[in-house]
Amino acid sequence: MESVVKFLKEADTYYLATVEGDQPRVRPFGTVNVFEGRLYIQTGKVKAVSKQIHANPKVEVCAFKDGIWLRLAGTLVEDDRREARQSMLDAYPTLQGMYSADDGNSEVFYFKDATATFYSFTMEPKVVTF
Ligand SMILES: Cc1cc2nc3c(=O)[nH]c(=O)nc-3n(C[C@H](O)[C@H](O)[C@H](O)COP(=O)(O)O)c2cc1C
């Protein structure tokens, strides 16, 4: 999992795909936090992306950096504990202008049953599961 976290942080922006019915939806995301050994992302309950994840938690992430692209597929699980939300906000002080751990909007999810694959044009795909 560490290699995935490192890659996502260095890429800075990744693209999170969800599904809404039979329609894929994708958007840029940046939050990545390790809490209790799991990879977390953050969003707001008011967003369409949140509603899509709650309806169908199977998602895929794509990021690209230095000729390598990462595809991370898995199931997101909401962690409704305050300490999980606060850990994310501590990792991203800039988010604290928009969110707080108790605002009823901020939410964090961790990846379960994750398969991450690193690709490039010059090497065989490398698969990491966590
Ligand atoms: C570089 C970048 C990083 C972003 N990171 C996040 C993030 O980690 N979490 C989040 O909820 N929104 C993030 N956003 C904003 C979402 O992309 C935006 O709210 C998007 O419209 C949400 O998807 P939706 O419209 O399907 O709900 C980011 C935007 C940019 C440009």
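**Reasoning through a predicted model**

Analyst: Let's start with Asp-113, which is exposed, having 11 other C-beta atoms within 10 Å. Please keep in mind that this is a predicted model.

User: Why is Asp-113 called exposed?

Analyst: The label applies when 12 or fewer other C-beta atoms lie within 10 Å. Asp-113 has 11, so Asp-113 counts as exposed. This residue is found in strand 7, and its phi is positive, about 50°, although Asp-113 is not a glycine.

User: And what makes Glu-36 buried or exposed?

Analyst: Glu-36 has 11 C-beta neighbours inside 10 Å, so it counts as exposed. Glu-36 sits in the loop between strand 3 and strand 4. Its phi is near 50°, a positive value in a residue that is not glycine.

User: Moving to helix 2, which residues are buried?

Analyst: They are Val-49, Gln-52 and Ile-53. To be called buried, a residue needs 20 or more other C-beta atoms within 10 Å of its own.

User: How do you know that the buried residues line one face of helix 2?

Analyst: Look down the helix axis: the buried residues fall within an arc of 100°, so they line one face. Exposed on the other side of helix 2 are Ala-48, Lys-51 and Ala-55. The cover over the buried residues includes strand 1 (14-20), strand 2, strand 4, strand 5 (58-65), strand 6 (68-79) and strand 7 (106-119).

User: What about helix 3: which of its residues are buried?

Analyst: In helix 3, residues 82-91, the buried ones are Ala-84, Arg-85, Met-88 and Leu-89. They span an arc of only 135° around the axis, which means that they are on the same side of helix 3. Arg-82 and Glu-83, on the other side, are exposed. Among the elements covering the buried residues of helix 3 are strand 3 (33-35), strand 4, strand 6 and strand 7.

User: Now the ligand, please. Which residues come nearest?

Analyst: Of the 13 residues around the ligand, the nearest are Gly-30, Thr-31, Thr-43, Ala-48 and Val-49. Strand 2 (23-29), strand 4 (38-44) and helix 2 (48-55) are the elements that give two or more residues to this shell.

User: Which element gives the largest share of the shell?

Analyst: That is strand 2, with four residues.

User: And how many residues of the shell are nonpolar, polar and charged?

Analyst: Around the ligand there are four nonpolar, six polar and three charged residues. Gly counts as polar in this grouping.

Terms used. Residues are numbered from 1 along each chain as its sequence is written. This is a predicted model: local features need pLDDT of at least 70, side-chain atom pairs count only at pLDDT 80 or more; totals for chains, interfaces and linings use all residues. A residue is near a molecule or strand if its C-beta atom, placed from the backbone, lies within 6 Å of it. The arc is that of the directions from the helix axis to the C-beta atoms. Two residues are in contact if their C-beta atoms, placed from the backbone, lie within 7 Å.
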